[in-house]
Amino acid sequence: MLTEIDHVAIAVRDLDTAIAWYRDALGAEVEHRERAESDGVEEALLAVADSYVQLITPTRDDSPVAKFLEKRGEGLHHIGYRVEDCASALERMVQAGATPIDEAPRPGSRNTTIAFIHPKGSFGTLIELVEE
Ligand code: CO
């Protein structure tokens, strides 16, 4: 079912500061940058082989990522697993007892189709299914 780790998402307070640090310390370059107003988040994708590090920062105070930063501080936010078929992967996870955040797949960044799974019931990890 899983074809790749699509991305590892890290919540940061200042996107440009984090981008500069990843460039200087790890030589990682931004491949894609996008604001998703519906999710209240701005992201930068840094390529690592065929996967990404996804730096995310809130665009408004009431976004889920803003609440995450307030509660937990900067750090690992979620893991994106690349799948061939987001709908069937979501169905399988729900059948296995996972708690979906998205009841059905929806559009994600860079024209992907995504669905989030709640960390409760997933060993404390927020999971995103990503279909390219
Ligand atoms: Co993500």
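Me: Before we start, which pLDDT do local features need here?
Reply: Happy to set that out: residues are numbered from 1 along each chain as its sequence is written, and side-chain values use heavy atoms, with hydrogens and water left out. As this is a predicted model, side-chain atom pairs count only at pLDDT 80 or more, totals for chains, interfaces and linings use all residues, and local features need pLDDT of at least 70.

Me: Which residues coordinate the cobalt ion, and at what distances?
Reply: Donors are N, O and S atoms within 2.8 Å of the metal (3.2 Å for Na, K and Ca), and water is not among the atoms, so sites may look incomplete. In sequence the donor residues follow the spacing H-x46-Q-x23-H-x49-E. They are His 7 (NE2), Gln 54 (OE1), His 78 (NE2) and Glu 128 (OE), at 2.0 to 2.6 Å.

Me: What is the geometry of the cobalt site?
Reply: Four donors count as tetrahedral if all angles lie between 85 and 135 degrees; four count as square planar and six as octahedral if opposite donors are over 155 degrees apart and all others between 65 and 115; anything else is irregular. The four donor atoms of the cobalt ion make angles of 85 to 170°, and the site is irregular.

Me: Is His 7 buried or exposed?
Reply: Buried means under 20% relative accessible area, exposed over 50%, and partly exposed in between (1.4 Å probe, protein chains only). His 7 has 2% relative accessibility, so this residue counts as buried.

Me: Where does Ala 49 lie, and what is its phi?
Reply: Strands (E, at least two residues) and helices (H or I, at least four) are DSSP runs, numbered from the N terminus. Ala 49 sits in the loop between β3 (41-48) and β4, and counts as exposed at 82% relative accessibility. Most residues other than glycine have a negative phi. Ala 49 is not a glycine, yet has a positive phi of about 55°.

Me: In which loop is Phe 123?
Reply: Phe 123 is another residue other than glycine with a positive phi, near 55°. At 84% relative accessibility, Phe 123 counts as exposed. Its loop is the one between β7 (113-117) and β8 (127-131).

Me: Which helix gives the largest share of the lining of the largest pocket?
Reply: The lining residues nearest the centre of the largest pocket are Pro 64, His 77, His 78, Phe 116 and Leu 126. A pocket is an open set of points on a 1 Å grid over the protein atoms alone, where a 1.4 Å probe fits, with protein on both sides within 12 Å along at least five of seven lines; lining residues have an atom within 4 Å of a point. The largest share, six residues, comes from helix α2 (residues 64-72).
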